[in-house]
Every structure is written in C-alpha cells, then in structure tokens.
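Visitor: I would like to go through this model with a guide, one question at a time.

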Amino acid sequence: MKAIVLFSGGLDSILAACMLKDQGFEVVGLNMITPFHDCSKEAKKCAEQIGIDLVIRSFGQEYVDMLAHPRWGYGSNVNPCLDCRAHMLREAKKLMEEIGAEFVATGEIAGQRPNSQKVHQLTLLNRESGLGGKLLRPLCAKLLPITDVEKDGVVDREAQRAFSGRSRIKLIAYARQKFGLKHIPQPSSGCALCEGSFAPRVRDMLRHKPNPTLWDARVLFCGRRMRIDENAYVVVARNAADCKMIDKLFADPARSNCALIFPENYMGASALLVCDDAPEYGSASGVVSEELQRYIMTACALALRFSNREKFSAVPGGPTARIYLGAGSVVVPIKEDPAVDAIPIISGENRPPKVKDAENAAEREEAAQEEE
C-alpha cells in the first residue's frame, strides 16, 4: 500500500516517512515549492538517503493570491501558515488520488509550532484539506482523535508515537536509536515570509497592490527596495547577480508596468522603476509624462548614489543612463540631486540590456557593492 508524506527534508518529515516505511508502506514524498520557499534540493537528497520516491510540485500565482487574501490570517510576520498548509495538503490529496495511495501523512507535531500546529489547528487542517480521516500524523497520532485509516486497520495506531511540544531532544534520540540517522537537519522554517527582515517588503507590496502578481512577488527578492511615493517604487541592484535579475524581470512579458535604468557610460548599479505610468510590455509609443520624468530622475539618482563614485565622477560630460520603456529606450544625463529636465520621446531601439562578459560582471559587482 502507498502513502503520501509531505516531505521537506527536515527531521519531522524524515521521521514520518521512516516510520511508515518501517510499517510496510510504499512511501512517496511530496515536496512543494512556493514563490517564497524552495527546499527541493535538500528534500531530494534526503529522500535518496532514506530510500523513498519524491514528487516535486510548484505553486505559482495561486499562492500569491492566497498570500494576499489568507482565510486564516498571518503569523507573527506575513506568514499565512494555516492557509499555506491547507494548500499543500490539498495538493497532496490530488497526488493521493492520482497514484492510488491510501492516505496522506505529515511530520506535524502537536504544539510544536504556535501558528499552525496547535491541536485545534490540526483538526481545522483535516477539514480544510478535504482529507478528513485520511490525514495521519504519525509522530503525534496517539495524542489526536483516531483517524479513519486507523479505525479501518490500514494503519496500526499502536505503532504511532505521542511526541508533543517544541523540544527536539526526544525526536533526535528516536531518530538515531530507531532508524540510525546520523545527519540531523537543523530546525528552520526556510520560508522568507517568516523572516522579520523580509516582512516589510511584503507588507509594502500588499499595502499598495492588493492583488499582486507572481512577478511582483519575484521582485521582492531583488536589490534594495525603496518607495518613492504611493504610486511608484524603485529597486536598485546591490551586485552583479541583482543586475542580471533586474534584466530578467524587465524582459518578462508578465511584468508589471516598469522602466529599466541601465548605466550607459560607467559601471554601476542597474535599477528597476515600477509604476503604472510606465508603458506596457512591448509598447513602442509614447511621450514620457512629466510625472514619469520625475519618477525616472529620482530612480536614476538613487541608482547613482548606490554606485561607486569613482566610476562616474570623472566621466566626461557626466554620467548617463539608458532608460528602457516599453519597446524603446533613450539615453539621458543623470545626477545625484536631479532637476527634472525633459526626457525626449523614446526611440525605437531595443537593445537587450545584459552584463556583457565576466570582466564587466566583476566590475559591476564591485561598483554596486555596499558594506552591509
């Protein structure tokens, strides 16, 4: 008989899989990638070590929609843990039905996580996932109401455990004594939504865009994010990797309206100006409005301030940047304290911005570096 185990590669999911495998089940791990968390590489390595198959699936826009409007709210930061868990369990239910598995199991432990693993929350997840009595938690099953798979004799309740709370001492001892596990993964949520330093970016996105896209979520991981006003923000690269990521974000047809600021005659930081006034992807028309001019000049000034002054201060005629808008681009002079000068009508040129070679990449990285 087959069993699905939500499998992150953490200690709890490893133990749940090992317990069921030891009880004679053919275990299939399910690892879920979200826009804010990817532990698939570690999960794949751990699955190979304990000898189970692993299925990896990804969430996209539906996860961002859930983040923007969680039914059960957020944790201490912007982590919608209950909604996220229910989302994953529903995906596990689909896989269970696809491959003819008997039930779904998780490594959840009663009382371990305050935002999603209290007993009443575990009961709520049974209902919200649609799994009901086919959801088993082997590590704490004896502390929870009996499930249908235990009543029907599919699973031996006496073979399950009664772990509870946040301490890992007994778990680690059980892992080593029962299954001979030598490598014990360190505890970590891994999800960016749980990080206090990342939460302000997410809150800013949700405050100004109630229905964000997957593209908007991807921008959160790039560079320095600074809001100009209620209608616009700018992302300034910190290094060559950020420059490349900004280039890719701008080249995405699914992007929000934005403009790319690319250093033209000096090595420095690229920037991405996101505002509704910017032309849509591929648009080749348009005179730049006065408001968009102000946004662009502000974004250019910020990009210049986070660049190495030695790289642009001695440039004949002063530094310039190429501004990509829609399908066109224009070169404009820029300064750290800009006056709003008129920007010409954009040209039809569409040279793809990129880091040309390894030497330039290293130089741009040095130019854009800032001591944290």
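The questions and answers below go from the whole chain to single residues.

Visitor: What kind of model is this, and how many helices and strands does the protein chain have?
Guide: The model is predicted. Of the 372 residues in the protein chain, buried ones make up 52%. The secondary structure of the chain comes to 13 helices and eleven strands.

Visitor: Which share of the accessible surface belongs to carbon and sulfur atoms?
Guide: The protein chain has an accessible surface of about 17,400 Å². The share of that surface belonging to carbon and sulfur atoms is 49%.

Visitor: Among contacts with a separation of 6 or more, what percentage joins residues 24 or more positions apart?
Guide: The count takes the contacts in the protein chain with a separation of 6 or more. Residues 24 or more positions apart account for 64% of them.

Visitor: Is strand S8 largely enclosed or largely open, and how many of its residues are buried?
Guide: In a regular strand, side chains alternate between the two faces of the sheet. In S8, Cys258, Leu260 and Phe262 point one way, Ala259, Ile261 and Pro263 point the other way, and all are buried. The strand, residues 258–263, is therefore largely enclosed by the rest of the structure, the buried count being six of the six.

Visitor: Which residue of S10 stands opposite Ala259?
Guide: S8 has antiparallel pairing with S9 (residues 271–275) over four bridges, and there Leu260 stands opposite Leu272. S8 also runs antiparallel to S10 (residues 320–325), joined to that strand by five bridges. In S10, the residue opposite Ala259 is Leu325.

Visitor: What is the bridge partner of Arg225 in S7?
Guide: S6 pairs with S7 (residues 232–236) in the antiparallel sense, over five bridges. Arg225 also lies over the face of Tyr233, at 3.9 Å from the ring centre. The bridge partner of Arg225 in S7 is Val235.

Visitor: How many aromatic pairs does the structure hold, and how far apart in the chain are Phe25 and Phe103?
Guide: The structure holds ten aromatic pairs. Phe25 and Phe103 form one that is edge-to-face, with 5.2 Å centre to centre and 90° between the planes. Phe25 lies in the loop between helix H1 (11–22) and strand S2 (26–33), and Phe103 in strand S4 (residues 103–105), so the pair links distant parts of the chain, 78 residues apart.

Visitor: Is Phe103 buried or exposed?
Guide: Buried means under 20% relative accessible area. Phe25, with 8% relative accessibility, falls under that cut-off. Phe103 has 0%, so this residue counts as buried.

Visitor: How far from the ring centre of Tyr174 is the charged end of Arg161?
Guide: Tyr174 is buried, with a relative accessible area of 12%. Tyr174 also forms an edge-to-face pair with Phe179, at 5.6 Å centre to centre and 85° between the planes. The charged end of Arg161 sits over the ring of Tyr174, and its distance from the centre is 4.4 Å.

Visitor: Which helices do the buried residues of H3 pack against?
Guide: The buried residues of H3 (residues 61–68) are Tyr63, Val64, Met66, Leu67 and Ala68. Tyr63 also belongs to an aromatic cluster with Phe36, Phe59, Phe198 and Phe221. The buried residues of H3 pack against H4 (81–99), H8 (199–208) and H9 (214–219).

Visitor: Is Asn77 buried or exposed?
Guide: Asn77 lies in the loop between H3 and H4. Not counting residues up to four places away in sequence, Asn77 touches Leu193, Cys194, Glu195, Gly196, Ala199 and Arg203. Its relative accessibility is 18%, so Asn77 counts as buried.

Notes: Residues are numbered from 1 along each chain as its sequence is written. This is a predicted model: local features need pLDDT of at least 70, side-chain atom pairs count only at pLDDT 80 or more; totals for chains, interfaces and linings use all residues. Side-chain values use heavy atoms; hydrogens and water are left out. Buried means under 20% relative accessible area, exposed over 50%, partly exposed in between (1.4 Å probe, protein chains only). Helices (H or I, at least four residues) and strands (E, at least two) are DSSP runs, numbered from the N terminus. Two strands pair if DSSP finds at least two bridges between them. Rings of Phe, Tyr and Trp (its six-membered ring) pair if their centres lie within 6.5 Å; planes under 30 degrees apart count as stacked, over 60 as edge-to-face and the rest as tilted. A charge sits over a ring if NZ of Lys or CZ of Arg is within 6 Å of the ring centre and within 35 degrees of the ring normal. Contact means heavy atoms within 4.5 Å. Accessible areas come from the Shrake-Rupley method with a 1.4 Å probe; for residues, only the protein chains shown count as cover.
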